[in-house]
Amino acid sequence: MATIKPLKKIFLSQVGAEIPADKPIVFWDTCSLIYILTIAVRESFPDFPSYKEVLSWIENDDIVSVTSSIVWEEFNNHYKEEYEHAKHDVDKLRELIRNYASLQDEPVKSQLIGLADSINLIDILVDIEARVWNKTFVINEEQKLAELAHYRVLHKWSPSMVKDQYKDAYIWCSFLSVAQNLGRVTKLFITDNKEDYCMPKKSTTPQPQIASDCEAVGADIVFHIDSLRGKLYVALHPEP
């Protein structure tokens with residue numbers, strides 16, 4: 001199994017020195033990173049090409065990948081469980097193919113059994129997951145960020161407007177602080193958590209506070225990997 005570890009852990013004060021100021025930035029929420037591994041479980045195979053293209057831009061240093069220490073912590077807390085879920089689904093698929101093969105004559109029977117044995121979807125997804133993390137900066141926990149997050153929770157500011165979501169608030173404050181430290185480049189936050197960031201829920205319209213935050217730091221928020229890929233493509237291929 002691939003080794004999953006971040007590129008480097010840095011403090012906010014190091015953002016200017018460590019993160020290029022002339023390249024698009026993608027800041028990951030927890031769900032958008034763990035979803036790579038769960039593509040099979042969620043039957044979201046159309047997402048696969050977009051994740052691969054974004055990964056290619058990250059590995060070619062066309063864009064910069066960043067996230068929060070809270071995301072890294074949550075990822076590690078949920079990784080084993082999500083891995084087992086994904087493995088279980090792939091094992092079921094292998095078993096289904098083998099059962100179907102048992103009803104067939106040769107050479108179809110052997111071909112189907114060979115197909116079942118060759119399915120390595122989990123290895124492919126874990127490899128992509130690891131390669132994204134291996135090129136991702138993690139912003140360390142800091143008292144300043146904790147205070148900003150507590151303030152949002154206390155005053156019911158998005159993404160803590162409905163529930164006391166300290167972790168969501170902390171991740172969002174980390175993104176805003178990073179974006180504020182960078183110049184006029186494309187800065188994108190990706191999350192699948194529409195419930196806490198959108199209004200109405202399940203839409204892709206950011207809550208007013210979230211939209212105001214983005215405008216203040218010259219950033220944007222997206223809710224699907226295809227949207228992220230599209231905005232990054234535009235940033236990397238500006239019209240003359």
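Rings of Phe, Tyr and Trp (its six-membered ring) pair if their centres lie within 6.5 Å; planes under 30 degrees apart count as stacked, over 60 as edge-to-face and the rest as tilted.

**Ground rules.** I am looking at a predicted model, where local features need pLDDT of at least 70 and side-chain atom pairs count only at pLDDT 80 or more, while totals for chains, interfaces and linings use all residues. Residues are numbered from 1 along each chain as its sequence is written, and side-chain values use heavy atoms, with hydrogens and water left out.

**Aromatic rings.** I looked up the aromatic pairs and got 14 of them. One I noted is Trp-72 with Phe-75, which is stacked at 6.2 Å centre to centre, with 10° between the planes. Both residues sit in helix H5, 3 residues apart, about one turn of the helix. For naming, helices (H or I, at least four residues) and strands (E, at least two) are DSSP runs, numbered from the N terminus.

**The sheet.** In what order do the 6 strands of the open sheet run? I read E1-E4-E3-E2-E5-E6, with parallel pairing. Two strands pair here if DSSP finds at least two bridges between them. As background, strands of a sheet pair through backbone hydrogen bonds, either parallel or antiparallel. Strand E1 (8-10) and strand E6 (220-222) are at the edges with a single partner strand each, so one side of each has no neighbour in the sheet. On average, neighbouring strands are turned by 30° against each other, direction ignored.

Next I zoomed in on E3 (residues 64-68) and E4 (residues 136-139), which pair in the parallel sense over 4 bridges. Val-66 has Phe-137 of E4 as its bridge partner. Helix H7 (residues 121-133) packs on the sheet and touches strand E2 (25-28), E3 and E4, its direction making about 60° with that of E4. Axes are lines fitted to C-alpha atoms, for helices over the stretch in contact, and angles run from 0 to 180 degrees between N-to-C directions.

**H4 against H7.** The axes of H4 (residues 48-59) and H7 come within 10 Å and cross at roughly 35°. I noted this crossing as left-handed; that means the near helix is turned anticlockwise from the far one by less than a right angle, and right-handed means clockwise. Phe-48, Lys-52, Leu-55, Ile-58 and Glu-59 of H4 meet Ile-124, Leu-125, Ile-128, Arg-131 and Val-132 of H7 (contact means heavy atoms within 4.5 Å). By class, I get 7 nonpolar, no polar and 3 charged residues there. Ala, Val, Leu, Ile, Met, Phe, Trp, Tyr, Cys and Pro count as nonpolar, Asp, Glu, Lys and Arg as charged, and the others, Gly among them, as polar.

**H2 against H5.** The axes of H2 (residues 30-37) and H5 (residues 69-101) come within 9 Å and cross at roughly 25°. That makes H2 roughly parallel to H5 (under 35 degrees; over 145 is roughly antiparallel, 65 to 115 roughly perpendicular and the rest oblique). The crossing is right-handed. On the H2 side I found Thr-30, Leu-33, Ile-34 and Leu-37, and the H5 residues include Phe-75, Tyr-79 and Glu-82. The class tally is 8 nonpolar, 1 polar and 2 charged residues.

Which peptide bonds did I find to be cis? Glu-106 to Pro-107 is one, with omega near 5°, and Pro-107 lies in the loop between H5 and helix H6 (108-118). Ser-158 to Pro-159 is cis too, with omega near 5°. Last entry: Asp-61, in the loop between H4 and E3, has a positive phi of about 60° although it is not a glycine.
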